[in-house]
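Have the sequence and the 3D view open, and look up each spot as it comes along.

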Amino acid sequence: MTAPVTVPGRRVRRPSPAAEDVLGWAMVAVLVVLVGLPLLFVLLQGVAPGLGLVRGSVWRPELLAGIGDRPLWRTGLVNSLVLAGGAMVLGGALGTGLALLRTGVSFPGARLLDATAWILLVSPSFVLAQGWVLLASPSGIASGFGQDWVTALVLSPGGLVVIMSLTQYPLAYLAVSAALRWDDRSHRHAAALSGAGPWTVLRTVRLPLLWPAVLSGAVLVFVDVLGDFGLPAALSTAYPFPTLPYAIYASVRQSPVRFDSAGVLSFYLVVILIAAMLLYLWAVRRGARGALTGTASRIDPPPARRPARWTVLTAAVVGLTLVVPLGSSLLVSLSHNVSGGLTWSNLTFGHYHAAFAEGELLIGARNSVLVAIAAAVLTTVLGFLCAVVLTSTGFRARVLVDLAGTVSLAVPGIVLAVGFIFVWNQPVLASAGLALYGSPVLLVLAGVASALPVSVRLQVGALARLPGGFLAAAALSGAGFAARIRTVLVPLAGSAVVSAFVAVLAMGVFDLATTTMLAPPGFPTLPVVVLTEFDRGRYGYATAGAVLSAALVLILAALAARQGRRLEAAAREETR
C-alpha cells in the first residue's frame, strides 16, 4: 500500500516497500533456482548417488571418507591443491610485485602492465593453455627449433604452476593496485626519518599495511586456479595431470555415470573453495580498517631513476604471459606443420580457409555467439536488478542476495554444469514437461548462473556511487519504484551496464566447462569444436578457429564499449 504525502503545490506518493520486497524476493528465487538447487543436488550425490535419477538410491555418507582410498580421487585432490597452492604463492607474489612497481614509479611502457592484466583476465584459460602445449609438446614449436628441454620444463607439475601463475596473476595485481591508489606518505616519511632505507620501508611499513589486499589477491588466484577446467582439458592429450574439475567431468561423461564420484569430488572442491572465499572476505573486511587518514592522497608515481630496466621487465612480462602462448597459437594457425619453424615454405593461410569452408566451426561459432548474447542479456538484466536490491532498496533480506552471489563466486562452472544435469534431468520435471536437459535453453541458463556474480559485482559499484537524492527527488515527483529504476538508475549506470554485458559476453563465447557438459547432440559450440579438433591433432585448424572467434568477440566488445561511452555521455548531459 502507498500512503499519500502532502507537499506544497502537489500531491505525491510515498515509495511503496511492497514493490521493493517483490523485487527482492524475486531475485532470491532466481538465485535459488540458478545456483542453490544445482549446488544442492550435486553435493547430495556424494552421500546419495543417483538421488532422484536412479531407482533405489540409498544414503551412503561413508563415501565422503573414501577419497583417501581411491587413487583417482586422491590424485585429483592432491594435484589440484598443488597447482592452486603453488599458483597462489607465485602468482600472488608476481601480481603484488608488479602492482608495487606500477604505482611506485613511472617509466615508458608502464601502461602495458594494466593492458596485459585485463587481456589475461578476459582470455579463456584453455586457449592460453593450448598455446603453451603447442610450444612445449614433444612435436611442438620448441622441438622444431631444437629446444627439446622446453618439454620437460613446461610439462611438469612445477611448469604447470608457473603457467597458471602467469595466467592468473592479474587477480592479485588488480587487488593490490586498487589498494595502492591512495597512500598516506606520513608513514613512509616517519620511517625514513628514523634511518630506514627504501627496502626496509617496503618490508616494515608498506607490506604490513597492504597485507589484506595481498592476501585477498592471492586467495582469488587460488580460487580461480582450483576451479579451472581449461588447463587440464587442454593438457589431456600431451600430459596427464588429473585435477578435481577434470575428474568430475570424467565421472559424468563416462558410461555408466559415476554419480558417487561426481558428488564426492564436487563436495570437496566446493568446501575448499568456500573456505578460501571466507578467508578472502575476512581479508577484505580486515582491510577496511586501514591506516589511511585525512592526509592520504592519490598516488602520482615519480619518474624512475633507471626507466630502461623497468621497461625491459615489462616487456618480459608481456612476452611470457601473452606473446608466448597467443603467439604460439597464431604461429601454428599460419603453419603447415607445427614443428616446421619460421620458414616461407611452412607459411599458409589454408587453416583459415578451412575454418570458413568447413561448416562445423562456423556453426559452432554461431551457436556460441547466440547463446552468449542471450545469456549476456539475461545476466546483465538480472545482475542490474540484484544490484538495485543491494544498493537502492530497504529489502530486509538483501543479505540473502549478497550471500548467494558471494557463494556462487566460489562454485566452478563445471560443478554448476553437473548440478544442472542432476536438476533438469529429474523424471518429475520430465513428466511436467519441464525437462530442459538436452535443450540449448539449458546452456543459456547455465551461462547466466556462472556469470551472474560477476555482473552483480560490476554494477553494484556504479549504483552505490549514485547520490541518494536523485531517487528521493524522483519519488517526491510521484515516480513509482519501476519508474525510478527506468528513468534514474538505468541512464546513470548505463556505462556499468554495458561493461557488465561485454564481460559476460566474452566469458560466454568461450565457456568450455558449461558447453562441454550441457551442449545437446547436434548443437556444436565453439569451445567444444576447438578442443575436439585440438585433441584430434588438427592444431592449425583449431587455432585458426580460436583466433577468428577471439577477433569476433573483441569486435563485439569494442562496439558495446563504444555504446557504453555514448550512454554515459548522454547521462551526464541530462544531469547538468
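## A walk through the model

Valine 225 sits in helix H9, which covers residues 198-226. Helices here are DSSP runs of H or I with at least four residues, strands are runs of E with at least two, and both are numbered from the N terminus. Before going on, keep in mind that this is a predicted model, where local features need pLDDT of at least 70, side-chain atom pairs count only at pLDDT 80 or more, and totals for chains, interfaces and linings use all residues. Residues are numbered from 1 along each chain as its sequence is written, and side-chain values use heavy atoms, with hydrogens and water left out.

Back to valine 225: is it buried or exposed? Valine 225 counts as buried, because its relative accessibility is 4%. The cut-offs are these: buried means under 20% relative accessible area, exposed means over 50%, and partly exposed is in between (1.4 Å probe, protein chains only). Not counting residues up to four places away in sequence, valine 225 touches Leu83, Ala84, Ala87, Met164 and Gln168. Touching, or contact, means heavy atoms within 4.5 Å. Threonine 167 is 58 residues from valine 225 along the chain, and their C-alpha atoms are separated by 9.4 Å.

**The whole chain**

Zoom out for a moment. The protein chain has 25 helices and 4 strands. It has 576 residues, and 48% of them count as buried. Take the contacts between residues at least 6 apart in sequence: 78% of these join residues at least 24 apart. The chain exposes about 26800 Å², with carbon and sulfur atoms supplying 67% of that. Accessible areas come from the Shrake-Rupley method with a 1.4 Å probe, and for residues only the protein chains shown count as cover.

**Two serines**

Now find serine 177 in helix H7 (residues 157-179). Serine 177 is buried, with a relative accessible area of 13%. What does its side chain reach? The side chain of serine 177 gets to the backbone oxygen of tyrosine 173, at 2.7 Å. That is a polar contact, meaning a pair of N or O atoms within 3.5 Å; within protein, one must be able to donate a hydrogen and the other to accept it, and residues adjacent in sequence count only if both atoms are side-chain atoms.

Serine 328 is in helix H13 (residues 307-333). Serine 328 is buried too, at a relative accessible area of 6%. A polar atom of its side chain lies 2.5 Å from the backbone oxygen of valine 324. Leaving aside neighbours within four places in sequence, serine 328 is in contact with Gly131, Leu134, Leu135, Ile141 and Val323.

**Helix H24 and its partner**

Two packed helices are described by the angle between their axes and the distance between the axes. Helix H15 (residues 359-392) and helix H24 (residues 526-535) pack at about 145 degrees, with their axes 7 Å apart. Axes are lines fitted to C-alpha atoms, for helices over the stretch in contact, and angles run from 0 to 180 degrees between N-to-C directions. H15 brings Glu360, Leu361, Gly364, Ala365 and Ser368 to the contact, and H24 brings Leu526, Pro527, Val529, Val530 and Glu533.

H24 is largely enclosed by the rest of the structure, because 7 of its 10 residues are buried. The buried ones are Leu526, Pro527, Val529, Val530, Leu531, Glu533 and Phe534. Just after H24, glycine 537 takes a positive phi of about 90 degrees.

**Salt bridges**

Side chains of opposite charge can pair when their charged atoms come close. How many salt bridges does the structure hold? There are 3, and a salt bridge is a side-chain nitrogen of Lys or Arg within 4 Å of a carboxyl oxygen of Asp or Glu.

| Salt bridge | N to O distance |
|---|---|
| Aspartate 114 and arginine 102 | 3.1 Å |
| Arginine 536 and glutamate 533 | 3.1 Å |
| Glutamate 533 and arginine 538 | 3.4 Å |

Salt bridges that share partners join Glu533, Arg536 and Arg538 into one network. Glutamate 533 is buried at 3% relative accessibility, arginine 536 is exposed at 58%, and arginine 538 is partly exposed at 34%.

Aspartate 114 forms its salt bridge with arginine 102. Aspartate 114 lies in helix H3 (residues 111-122) and arginine 102 in helix H2 (residues 71-104), so the pair ties together parts that are 12 residues apart in sequence. Aspartate 114 is partly exposed at 26% relative accessibility, while arginine 102 is buried at 18%.
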